[in-house]
Structure formats: C-alpha cells, structure tokens
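Please look at the structure before reading the points below.

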Amino acid sequence: MKNFNHPDQFVNRHIGPDKKEILDMLHTIGVNTVDELIDETIPADIRLQKKLALSEPLSEYEFLTMLKDIAQKNKVFKSYIGMGYHPVITPSVIRRNILENPGWYTQYTPYQAEISQGRLEALLNFQTMIIDLTGMNIANASLLDEGTAAAEAMSMFYSLRKPGKTEAKTFFVSNDCFPQTIDVLKTRANPLGIDLLIGDHKNIQLDDKIYGILLQYPVDFGEAYDYKDLIEQAHKKNIFTIVASDLLSLTLLTPPGEFGADAVVGNTQRFGVPMGYGGPHAAYFATMDEFKRHIPGRIIGISVDSNGNPAYRMALQTREQHIRREKATSNICTSQVLLAIMAGMYAVYHGPHGLKAIAERIHKLAKLTDLALQRLGYNQLNKNYFDTLLIEFDDKTKDRAIAIRQMALSKDINFRYKDNRIGISINETTNFTDALEVIEIFAKAIDKSLSENEISKLAENIEINFDNHLRRNSSYLQHPVFNSYHSETEMLRYLKSLENKDLSLTHSMIPLGSCTMKLNATTEMIGITWEEFSGLHPFAPLDQAQGYTELFRELGRDLAEITGFKAISFQPNSGAQGEYTGLMVIRAYLKNKGEEYRNVVVIPSSAHGTNPASAVMAGMKVVIVNCDDKGNVDLNDLRKKVEENKKILAALLITYPSTHGVYEEKIREICSIIHENGGQVYMDGANMNAQVGLTNPAAIGADLCHINLHKTFCIPHGGGGPGMGPIGAASHLVPFLPNHCIINLGHEKGITAVASAPWGSAGILVISYAYIKMMGIEGLTYSSIISILNANYIKARLEPYFKVLYTGTRGRVAHELIFDMRNFKASAQIEVEDIAKRLMDYGFHSPTVSFPVHGTLMVEPTESESKKELDRFCDALISIRQEIKEIETGIADINDNVLRNAPHTVQNVVSDSWNHCYSREKAAFPAPFTKTNKFWPNVGRIDNAYGDRNLVCSCLPVRDYIETGIS
C-alpha cells in the first residue's frame with residue numbers, strides 16, 4: 001500500500017529542483033503549471049493517453065535487496081573457457097579510485113581538452129601500452145570490442161586497397177579466429193560488398209582477388225603459429241595483414257609488429273577489467289604510421305598550450321563523423337574510455353616486470369597442467385601455446401570427455417567443449433591448487449591419480465622455452481609512467497593527481513546538448529562490481545546465468561513498454577552501433593520481402609554525423625533532406641526527395657525531438673510519407689530523455705529505434721564510453737533482430753552478430769535496470785517533464801542576452817536548445833570557441849560547440865540539476881555577455897581580453913609577469929562563486945593545428961618533446 005511506502009523515494013534524489021524552485025521557474029517561464037508548459041511544448045497528437053505499465057517505484061534499500069536476490073541466481077563458476085574472455089584480478093586501488101569513482105566516470109568525451117588533461121594522459125598511457133606490446137607505430141584510444149576492431153580493420157584496408165588491388169573484394173579470415181569475431185565480420189562485410197573467405201591459413205592460396213587477411217595469435221584454441229612467411233608472401237602481393245592478438249601473451253611472444261603485421265587488434269579485458277558477462281571492455285587497434293589518418297575511433301595526441309607547455313588533446317579531429325558524414329568509413333562515436341583507462345592503469349601499476357611475471361605464471365601453470373595430463377595419457381594438441389590447452393578425444397575415449405564435463409560442473413568449473421575436444425584456458429586468478437583440481441578431474445575420469453608430490457616435481461622442471469621465432473626479445477613499457485607507481489601509495493596519488501585535472505559532474509553541471517549528462521546515482525552503480533554480475537563468462541551455460549536472464553527479461557519488457565515496441569535487442573554496445581544494427585535489421589526485412597533493391601535512406605540535414613555514416617556502412621545510399629528556417633524538416637523537400645526515390649526508398653532516419661531542440665509538429669505526417677512509399681522509419685533515440693512517459697517512438701510512427709542507455713537511462717559516459725545502444729523493434733521487424741553464433745537468441749530470421757558478446761555490454765545493464773525500478777512510471781515521466789522545464793527556464797533567463805535559434809510554434813523548446821553566437825564575430829571578434837573556453841574560468845564545461853549549427857552552443861541541462869546550479873550557469877553566461885559588451889564598446893581590448901586568452905591557469909595568475917589589459921582577479925575569479933570553490937584548468941588554450949602537424953600519440957621521454965619542439 002502506498003501509505004506504507006518508504007518516505008525517502010529515489011525520484012526526490014534524482015530530480016534537481018524542489019517544489020518551491022519549480023514554482024519559481026514556472027513563473028520565470030510565464031506559465032502556471034508544468035502541465036501547461038508540456039501542453040505548449042509537445043504536439044497533442046503524439047501524447048500518450050495512458051500511463052505505462054511499469055512497476056511501482058522501489059526505494060534504494062528495497063532495490064538493493066531485490067538486486068541481491070537476482071544476483072544470487074547467477075552462478076559464478078571457475079572459468080577456463082577462454083575465447084578472449086578471462087577471469088582477472090582488478091587491483092583494488094583501480095577498482096575503488098577509477099571504476100567506482102564519479103570523478104572518473106561522470107565526464108563526457110574530452111572535447112574540451114583544457115579541462116580533461118587527466119583522462120587524456122591516462123588514454124595516452126593506454127595507447128603507449130598498446131603500441132609497445134604490439135610492436136606497432138600508432139594506436140587509438142579504444143574501440144567497442146574485439147569483433148568490432150577486426151571489422152574496422154577490414155573496412156579500413158578495403159578503402160585503402162593498393163594499386164592493382166582496387167577491384168579486389170575478398171577478405172580472408174582464418175578459421176582459427178574467434179567465432180564471435182567471424183560472426184561480426186560476416187555482418188559488416190556483406191553490405192560493403194566484401195566477400196569473406198574463411199579457411200585454413202596454413203593452406204591459403206593468395207591471389208589477386210584477396211586484399212586483406214585476418215589471423216589470430218594465439219589462435220582460438222591456443223596454438224601460437226609463426227606467421228612471418230605468410231605475411232611476407234601477402235605483402236609481395238599487396239595484401240594487407242591484420243593480426244588479432246591476446247595482449248597479455250605479447251609480454252612473452254614476438255609482437256605482430258615485428259613479423260610484419262599492418263594492423264593489430266584485440267581486447268584488453270584481461271588487463272584488470274572484469275568479464276561482466278561480455279562487457280564492457282576496451283578493444284584496441286594499432287597500425288602503421290602511414291595509416292594514421294585513416295585509423296577509426298579517437299586518437300590522443302600531444303600539442304602545446306598558449307603558454308608553450310605540452311598539453312594533451314584528441315588528435316586528427318577532421319575524422320569525426322559530424323564533419324565527414326556519409327563520406328566517413330566508420331561510424332565510431334562512443335568508445336570504451338573508462339575501461340581503457342583501467343587497462344592502462346593496470347599496466348602502470350604492474351609495470352613491465354609485473355606484467356611479464358603475471359604472464360609467466362599463467363604460462364607455467366598451463367605447462368604444469370599439460371605435463372600432468374600427458375603423464376595421465378591424454379592427447380594435448382598444442383605445441384606452442386601461451387595459456388590454452390586443447391585435449392582431443394576419439395570415438396573410443398569420447399565417454400571420458402562426457403565424464404570430465406559432468407565432474408567439472410559438479411565442482412563449479414567450466415571448460416570449453418567443442419566436438420570431441422576440451423579446451424582449458426588458464427588465467428590470472430588460477431593458482432596451484434586450481435591446477436591440482438583440474439588435473440584431478442581428468443585423472444578420475446580414467447580412474448588414475450597423480451599425487452601432489454608428483455605434480456610438484458613436474459613443476460620444478462618447468463621452463464619457458466618458446467621456439468626462437470616466437471620468443472619476444474624486445475623491451476616494452478620503458479617510459480617512466482610504467483616504472484614509477486608500483487606501491488599503492490604512489491599509485492593512489494597518481495590517480496588522484498589525474499582526477500584533479502578533469503572537470504566532472506562532481507564539480508558542476510555539464511550542459512552538453514545531445515549528451516544528457518544527468519545524475520549517475522550511486523545505488524545504480526553499486527551492482528556492477530558485484531562478483532555475481534562482473535565475474536560471469538559471456539559463453540557460460542545459460543543455467544548459470546539465470547539472474548542475468550531475469551534482468552534481461554525485466555529490463556527488456558520495461559524498455560519495450562517505454563518505447564511502444566514489441567521487443568528489445570541488447571546486443572549493440574553504443575548508440576552508433578544501435579543505428580547500424582537497426583538499419584541492418586531493416587535491410588534484412590526488405591530482403592525477406594523481395595525488396596532488397598530498396599537502399600535509399602533519407603536523413604534530415606540536422607542529424608548527428610553518425611546517422612549518414614551508419615547508413616553507408618549498412619550498404620545504403622544517403623539522401624539529405626533540408627530543414628526550414630524554424631529547424632523543422634522541410635516537408636516540401638521531403639516529399640520531393642521521397643518521390644524521386646520512392647521505388648528504392650528503404651528508410652527515414654530521424655531524431656525526435658529534433659537535434660535542433662524542438663518537437664516537430666508534423667512528425668506523424670513525416671512518418672506517414674515514408675510508410676506510404678514503402679519505407680521504414682528509424683528513430684534515433686538520442687533524445688529519448690524528452691519522451692519517456694509523455695510520448696514514444698511508436699506513437700510518432702517509428703518502426704524501430706535505438707536507446708542510448710548512457711543518456712536517458714543513466715549509464716555514465718565514462719569520459720567517452722562505455723555506452724549501450726539497444727534497439728527496440730515493432731513486431732514485423734522482431735524476427736530480424738541480431739542472433740549470435742555461440743548463444744542461441746531465438747530470432748527466426750535474425751542478422752548475424754553486431755557485437756562480440758550476445759548481450760553487448762551486459763555488465764552495465766544493471767545501472768539502467770536500477771534507474772527504471774527506482775523511478776517507476778510516475779518518476780520517469782516526471783523526469784522527462786523536469787528536463788523540459790529546466791531547458792525552458794534557461795531559455796527564459798538567457799533569451800534577453802543570446803538569440804535562441806529554434807523554438808516550437810508556441811515559443812517553447814524541448815529538453816535542449818541552441819544559442820546563436822555568430823553575431824559576436826562581427827561585433828567583437830569573438831568566436832563561439834572563445835565563449836566555450838571562458839566558461840572554464842567560471843568552473844563550467846561548455847555546452848556543445850558548433851553542433852548541429854556552426855557558431856552555436858547547444859545546451860541540455862537535464863532534470864538532475866537544481867535551480868541553484870542552473871542559475872549559476874546562467875549567471876556565468878550573462879557575465880560573459882557583459883564581457884563581450886566591454887569589447888564591443890571599447891572598454892576591453894579587442895585582442896587582449898579575458899575571452900580571447902581563456903582559459904587562465906593558476907600558473908598564469910601567480911606569475912611574476914602579467915602583461916594583460918585586465919586584472920588577475922577578472923581573469924581567474926570572474927564571479928563570486930569562483931572565489932569559494934574554484935576549478936582551475938590545468939593548461940592554457942591548446943593549439944590544435946600544431947598537434948595535427950606534429951602528431952605525437954604515445955608517451956615519450958621529456959628530451960623527445962624538446963627535440964620535436966614541444967617544450
């Protein structure tokens with residue numbers, strides 16, 4: 001009964017403004033109630049007529065009690081399955097101070113580099129680790145998973161085919177690659193016109209049709225092959241070579257860069273990142289310097305700031321999809337920054353000697369197990385291996401394999417079983433006692449035994465003796481950062497020093513438009529580190545994952561109810577991957593109808609850049625539709641473009657509310673035009689935070705959408721990942737949702753996998769599950785309402801000072817709005833970037849700069865910010881407007897002013913030399929609140945052009961910075 005509900009309801013912790021503040025805000029806006037505001041904002045014909053059928057909200061205590069019951073339904077066995085996923089030991093100093101620390105997980109992608117130096121340095125550490133271990137020249141700052149990384153390499157080299165190979169369309173994949181990687185490659189290859197040839201690399205016939213090859217090192221079942229001769233042969237025929245490699249093994253094995261690989265991809269999961277039933281984990285992508293301007297994803301580089309000091313930044317920004325759009329070769333937006341930081345810090349904490357010792361211990365335990373099994377008479381097939389043994393059984397001995405499986409399960413142990421073989425992958429958590437247990441199972445299966453004393457004697461004679469061509473001789477991780485922080489005290493201080501350089505939600509609101517930087521509540525986050533959720537292998541038997549099964553069912557049902565769709569697929573592990581998946585589902589649906597010739601996707605000009613990039617990756621042709629001067633889709637242009645392409649129209653890809661920050665009044669008519677001409681409607685779910693409980697994709701006429709769980713449903717952005725982009729589909733599209741080659745997902749006509757793991761980054765779904773269960777339908781609806789209220793309050797406060805670019809027909813905005821800053825260029829020589837940098841001096845992260853309209857700021861306050869914080873932000877912008885006016889009127893110098901020189905560092909302010917026309921106080925303490933709680937940017941304004949001209953993307957000795965002019 002409601003009378004006995006706990007008074008401390010989560011909704012009151014999540015929502016920023018209290019009741020009195022809301023009344024004050026409504027007065028400022030000029031309405032009497034929130035209902036009146038919503039009626040003036042959202043078109044009546046798309047409003048939901050009844051409440052969603054969701055459960056009553058739980059208090060935080062009640063939710064955690066329920067979650068513990070669910071977690072205990074998962075059975076965490078000792079896992080020797082391997083296949084790219086391994087149990088790990090996450091150093092507590094990393095778990096507590098990064099993974100569980102909002103100072104690290106609440107930031108966005110570091111577009112404002114001056115206030116992101118901490119995680120940029122951490123990502124540079126990650127890149128250096130990858131470069132050193134793989135033996136390559138350059139690496140990016142992570143990708144979504146190993147399968148995606150391999151697919152990105154396949155696509156990149158397809159676009160870079162060499163002279164004489166421009167007609168080559170075949171990509172060879174060794175059948176020794178992980179099956180989940182091959183599954184993703186099948187999905188990605190087909191729409192691009194790439195022919196996959198899957199076979200035995202030992203017998204491959206390299207011909208003119210092949211442009212690239214993918215090899216696994218060590219292979220799926222553990223053998224480490226010498227690929228040097230094969231790669232030399234490939235290069236003679238202008239064939240690119242890609243090696244997917246176990247990163248930890250490269251501390252002992254010859255790195256692929258040393259035997260000629262053009263690119264190396266893989267996963268860093270075993271560098272201290274829990275399995276999480278499949279993710280999230282940071283994949284890596286390393287390649288040669290000659291391909292640096294084609295590498296997918298983010299790259300962190302070193303430049304200089306306005307004071308001439310080294311500073312970190314995201315390099316090569318022209319690769320971004322919002323610039324290249326349909327010409328982009330990749331739609332990568334979100335990566336896995338938080339997990340990359342963890343993996344990099346794992347290397348920092350252990351150092352080269354520690355990593356090698358961990359790898360040697362794993363290898364020795366594998367060798368010990370191998371020797372013992374051979375003494376028992378088993379046929380172990382692998383000769384050169386790092387951690388994985390492969391035991392073969394014939395028809396006469398297959399009963400032994402059955403007995404081994406039964407005994408192992410009775411002892412809570414998972415091996416890998418494939419046909420007549422058993423795989424055993426040793427990992428960091430395995431100890432001598434575990435090895436004894438494994439050996440005992442195999443011994444009992446044949447009624448034999450080996451005493452602990454006998455096994456101990458075997459252990460005494462173990463040596464690491466890889467064949468010469470496989471043994472690593474080169475050094476790695478020699479930079480001081482990997483050799484300085486090996487005590488917890490030093491590591492803790494290093495992590496804290498980096499954290500202090502970054503502005504996060506622990507400091508102030510982050511009003512990035514189209515990003516939804518809302519509260520990531522502590523209770524939502526708690527479950528991700530519970531062993532029952534974090535310790536499960538993604539390919540463990542389903543009866544060991546009943547807790548996850550329940551969570552998927554409940555969360556899927558709730559998201560289906562919220563979106564109005566029939567079913568949800570959790571496989572896409574980013575928003576951009578959700579777009580791609582949705583378009584591939586539409587493609588499969590049309591093909592099933594015999595309409596595979598439909599290949600045109602209509603996209604409004606205001607769309608996020610990943611939209612056209614995703615469409616091209618899905619084999620579609622992009623037709624851009626103009627927007628009118630009010631920011632809406634130009635209906636006349638839409639009708640014209642649809643009419644021109646009606647026989648080949650596949651879909652409309654549209655964001656709602658629009659990226660311009662308004663609820664388009666004609667959205668249902670827009671969707672009808674598409675349906676009437678044989679197309680499907682895909683709704684980009686980036687702005688779902690302004691829909692939940694008020695309208696939904698099905699109500700506006702969409703057929704499917706992706707849902708940014710890292711926006712609307714509270715998964716933190718992690719500084720640029722992880723994210724989740726599950727898709728919801730109407731009933732006619734459900735049969736075509738993604739399947740998976742390892743786990744049967746039951747989609748009758750489903751496409752092949754889009755991610756390595758069946759449920760994507762399953763380990764963080766508990767966050768969104770918590771948010772929904774603790775908010776309930778009334779709380780979720782109220783959240784949408786307050787997000788709209790907060791945006792309209794900012795509009796009301798700032799409209800006298802800055803032009804609002806787009807509004808609805810009644811002068812309202814959705815949950816975000818765009819301010820036009822272009823007129824200040826003529827009046828004061830002030831660019832929008834100057835305003836963004838000046839906000840740092842006030843302690844704020846800038847709103848989104850120049851997207852979707854150049855020279856503008858897009859502001860999204862979210863529902864989690866209080867009126868007090870909104871007022872602080874508005875006061876800062878109003879103060880900046882006054883500073884611009886001082887330039888316009890001649891009070892301030894047009895060149896030497898607080899905006900053009902922003903941000904100001906503490907070094908600037910305390911320097912003996914101060915040659916500016918304004919005071920130090922005006923520079924550093926422009927508002928009263930900055931005097932009591934000041935966030936200092938760590939560096940001055942960064943020179944982006946210098947960083948691209950002098951690309952440095954790894955840690956180098958200080959002398960090298962001086963030699964290259966970075967000093």
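Predicted model: local features only at pLDDT ≥ 70, side-chain atom pairs only at ≥ 80, totals over all residues.

Which residue forms a salt bridge with Asp220, and how far apart are the closest N and O atoms? The partner is Arg416, with the closest N and O atoms 2.6 Å apart.

**Arg416 and Asp220**
- This pair links distant parts of the chain, its members being 196 residues apart.
- Arg416 lies in strand β14 (residues 416-418), while Asp220 sits in the loop between β5 (210-217) and α10 (228-236).
- Arg416 has a relative accessible area of 9%, and Asp220 also has 9%, so both count as buried under the 20% cut-off.

- Asp558 and Lys773 form a salt bridge whose closest N and O atoms are 3.1 Å apart.
- The bridge joins helix α19 (residues 546-563), which holds Asp558, to helix α25 (residues 765-798), which holds Lys773; the two residues are 215 positions apart.
- Asp558 is buried at 4% relative accessibility, and Lys773 is buried at 5%.
- A network of salt bridges links Glu554, Arg557, Asp558 and Lys773.

**Arg838 and Asp841**
- In this salt bridge the closest N and O atoms are 2.8 Å apart.
- Both residues belong to helix α27 (residues 832-841); because they are three residues apart there, about one helical turn separates them.
- Arg838 is buried, with 0% relative accessibility, and Asp841 is buried with a relative accessible area of 0%.

Methods. Residues numbered from 1 in each chain as written. Heavy atoms only, no water. Salt bridge = Lys/Arg side-chain N within 4 Å of Asp/Glu carboxyl O. Helix = DSSP H or I, 4+ residues; strand = E, 2+ residues; numbered from the N terminus. Buried < 20%, exposed > 50% of the residue type's maximum accessible area, 1.4 Å probe, protein only.
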